[in-house]
Structure formats: structure tokens, C-alpha cells
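Good morning. Please keep the sequence and the model in view.

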Amino acid sequence: MKEARFQVYRGDAKAGKLQEYTVAVEEGMVVLDAIHRIQAKDAPDLAVRWNCKAAKCGSCSAEVNGKPKLMCKTRLDDLPLEEPVVVKPMKTFPVVKDLVCDVSWNFEVNKRIPKFTPRKDREWRWMQEDIDRVQEYRKCIECFLCQNVCHVLREHGEKPGFAGPRFLVRVAGLETHPMDAGNRTKLLKDEMGIGYCNITKCCTEVCPEDIHITDNAIIPLKERVVDEHYDPVMKVIRLFTGGSNKKEG
Ligand code: SF4
Ligand code: SF4
Ligand code: FES
């Protein structure tokens with residue numbers, strides 16, 4: 001039977017090292033299968049977070065050969081097995097143990113976003129294209145791979161002034177919903193730090209749900225912030241038309 005070598009991070013936030021294991025490889029295996037084999041045979045105390053093994057719960061995020069991946073969606077036959085496969089925890093978040101990170105900062109960011117506010121000034125009827133747009137944002141499985149790869153968070157740590165791409169996607173889902181009455185542009189500008197994003201698209205490249213994070217979420221939100229807070233022509237137009245009837249949350 002074919003074998004592959006794996007180098008897996010063992011340790012915590014203070015100290016750790018790559019430990020090498022050999023795994024018997026069968027057709028169709030993914031990286032998470034190999035980690036489970038290592039747990040079963042060599043390292044029962046190896047910590048790894050997972051739930052669905054179907055790329056839907058967002059739990060098994062890690063860095064495989066230096067690339068942010070869902071371990072349950074990364075097939076071994078797509079990796080060069082003549083070299084050891086290196087599996088490390090996400091770099092942007094503090095390691096709890098081995099491959100498990102503390103991602104709780106993300107949930108704190110989420111709490112700061114005002115929830116959906118139903119409009120009362122119009123009939124609840126909207127177009128299919130509005131539904132399609134909102135559903136793209138709602139595909140997010142909160143794997144936080146985009147948060148992990150975004151250089152603003154990765155290089156500067158958990159930045160209080162920048163929410164990260166996952167939460168810009170969440171705000172886009174609310175702001176572009178035709179039946180939402182909230183206005184989160186001030187929050188985007190002042191607290192979520194949308195100006196820090198320089199549209200590198202790294203977040204889009206790693207999203208396992210293929211959400212067009214930069215083109216469909218961040219750029220439209222940046223345009224809204226500019227229209228509402230910086231564009232003098234739009235300010236004058238709003239003065240005469242009464243402005244958007246979305247209220248700041
Ligand atoms: S496009 Fe913006 S949010 Fe996405 S990775 Fe680049 S800087 Fe971060
Ligand atoms: S937007 Fe994509 S990469 Fe980011 S948390 Fe959601 S599913 Fe993961
Ligand atoms: S185990 Fe659920 S996404 Fe990988």
C-alpha cells in the first residue's frame with residue numbers, strides 16, 4: 001500500500017514543532033482522513049476540530065502545505081506526496097492545541113453588527129436577482145479561511161479596527177437586502193475599518209464556498225461608504241431627496 005509522510009504541528013500558542021507521521025494512503029482520502037489515521041494509530045492526543053466531513057460546517061480549517069484549506073475538502077491525490085504534507089493551524093488566530101485555534105474573536109466582531117431590520121414602508125415583494133445576491137452572502141460556512149489569509153489581520157493580529165472579509169460579507173448580505181431598513185455605512189467606516197482593505201482578493205481565492213467576497217461584497221460596500229460619507233454631489237442630492245430611508249444602526 002502507498003504511504004505518505006505528514007508533518008503536523010504539535011503544541012500550543014507558546015511552543016510547538018512539526019512532528020512527522022507516516023500514513024497508509026487509499027484512493028479518495030482527504031487530509032482530514034490522514035489526520036484521523038494519525039490519531040487512531042500514533043497520536044490519540046492530537047487535537048483537531050471537525051464536524052461534518054462534507055465541507056459544510058467550517059470547522060476543519062488549517063494550512064496545508066502553506067495554503068489555507070478545509071482539511072475535509074483537500075484530496076491527497078491533489079498533493080505532491082513525494083514530499084511530506086505539512087499541516088499547521090491557521091496562523092492568524094491563537095493556537096489552543098495542535099491544529100485547533102481559538103476563533104472566538106470572530107464571534108465578538110459579529111455581535112457588533114446590527115441585525116436585519118425589516119422595512120415597514122413597502123410591500124414585501126422582491127426580484128429573483130435580489131434573492132440570488134443575498135443568497136451568495138449567506139453561503140458562508142464561517143470557516144474563517146478568509147480571515148486567516150487577509151494580510152490586514154494576518155500581519156497585524158486581531159485588529160480592533162478591522163472586522164475582516166467574513167464580516168464584510170455578512171454586512172453586505174444585510175445592506176443589499178431589499179427589505180432591510182438598517183444603514184451600516186458609518187459602522188463600516190468607523191468601526192469595521194473597510195478602508196484598510198486594499199482589494200487584494202486573497203480572501204476570495206481561498207473561500208471554499210466560492211463567494212466573490214471582494215467583487216460582490218467589499219467593493220459595493222466601499223462604494224456605499226464613499227457615496228454616503230465622502231461624495232459631496234451625493235450629499236446635495238440626499239439633501240433634496242430626503243436621502244436613503246435606511247436608518248443608521
Ligand atoms: S481583499 Fe481586502 S479583505 Fe480580502 S484579503 Fe485583501 S485586504 Fe483582506
Ligand atoms: S466568506 Fe468564505 S472563506 Fe470567509 S468564512 Fe465564509 S465561507 Fe469561509
Ligand atoms: S469537517 Fe466540516 S467543513 Fe470540514
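Which helix does Glu223 lie in? Glu223 is part of helix α9, residues 213–229. Before going further, note that this is a predicted model.

Is Glu223 buried, exposed or partly exposed? Its relative accessible area is 48%. Exposed would need over 50%, and buried would need under 20%, so Glu223 is partly exposed. Now find Thr185. Glu223 and Thr185 are 38 residues apart along the chain, and their C-alpha atoms are separated by 9.9 Å.

Next, a partner of α9. Two packed helices are described by the angle between their axes and by the distance between those axes. Helix α6, residues 165–175, packs with α9 at an angle of about 70°, and the two axes are 9 Å apart. An angle of 65 to 115 degrees counts as roughly perpendicular, and therefore α6 and α9 are roughly perpendicular to each other. The crossing of α6 with α9 is left-handed.

Which residues make that contact? From α6 they are Pro165, Leu168, Val169, Val171, Ala172 and Glu175. From α9 they are Ile213, Ala217, Ile218, Leu221 and Arg224. By class, the contact of α6 with α9 has nine nonpolar residues, no polar ones and two charged ones.

Now the ligands. The shell around ligand 1 consists of Cys150, His151, Pro165, Cys197, Asn198, Ile199, Thr200, Lys201, Cys202, Cys203, Thr214 and Ile218. Two elements give two or more residues to this shell: α8, residues 202–206, and α9. The shell around ligand 1 divides into seven nonpolar residues, four polar and one charged.

Most residues other than glycine have a negative phi. What is phi of Ile199 near? The value is near 55°, which is positive, in a residue other than glycine. Ile199 sits in the loop between α7, residues 185–190, and α8. With a relative accessible area of 34%, Ile199 is partly exposed.

Ligand 2 has its own surroundings: Cys140, Ile141, Glu142, Cys143, Phe144, Cys146, Arg166, Cys207, Pro208, Ile211 and Ile213. In this shell there are nine nonpolar residues, no polar ones and two charged ones.

Glu142, from the shell around ligand 2, also has a positive phi, near 50°, and is not a glycine. Where is Glu142 found? The answer is the loop between α3, residues 128–138, and α4, residues 145–149. Glu142 has 24% relative accessibility and counts as partly exposed.

Let us move to another helix. In α1, residues 31–41, the buried residues are Val31, Leu32, Asp33, Ala34, Ile35, His36 and Ile38. What covers the buried residues of α1? The cover includes four strands: β1 (3–11), β2 (16–24), β3 (61–64) and β5 (85–88).

Finally, the whole protein. The protein has ten helices and nine strands. Its C-alpha trace spans about 75 × 40 × 25 Å along the principal axes. Of its 249 residues, 47% count as buried. Take the contacts between residues at least 6 apart in sequence: 63% of them join residues at least 24 apart.

Key. Residues numbered from 1 in each chain as written. Chains lettered and ligands numbered in written order. Predicted model: local features only at pLDDT ≥ 70, side-chain atom pairs only at ≥ 80, totals over all residues. Heavy atoms only, no water. Buried < 20%, exposed > 50% of the residue type's maximum accessible area, 1.4 Å probe, protein only. Contact = heavy atoms within 4.5 Å. Near = heavy atom within 4 Å. Nonpolar A, V, L, I, M, F, W, Y, C, P; charged D, E, K, R; others polar. Axes fitted to C-alpha atoms, helices over the stretch in contact; angles between N-to-C directions. Parallel < 35°, antiparallel > 145°, perpendicular 65-115°, else oblique. Left-handed = near helix turned anticlockwise from the far one by under 90°.
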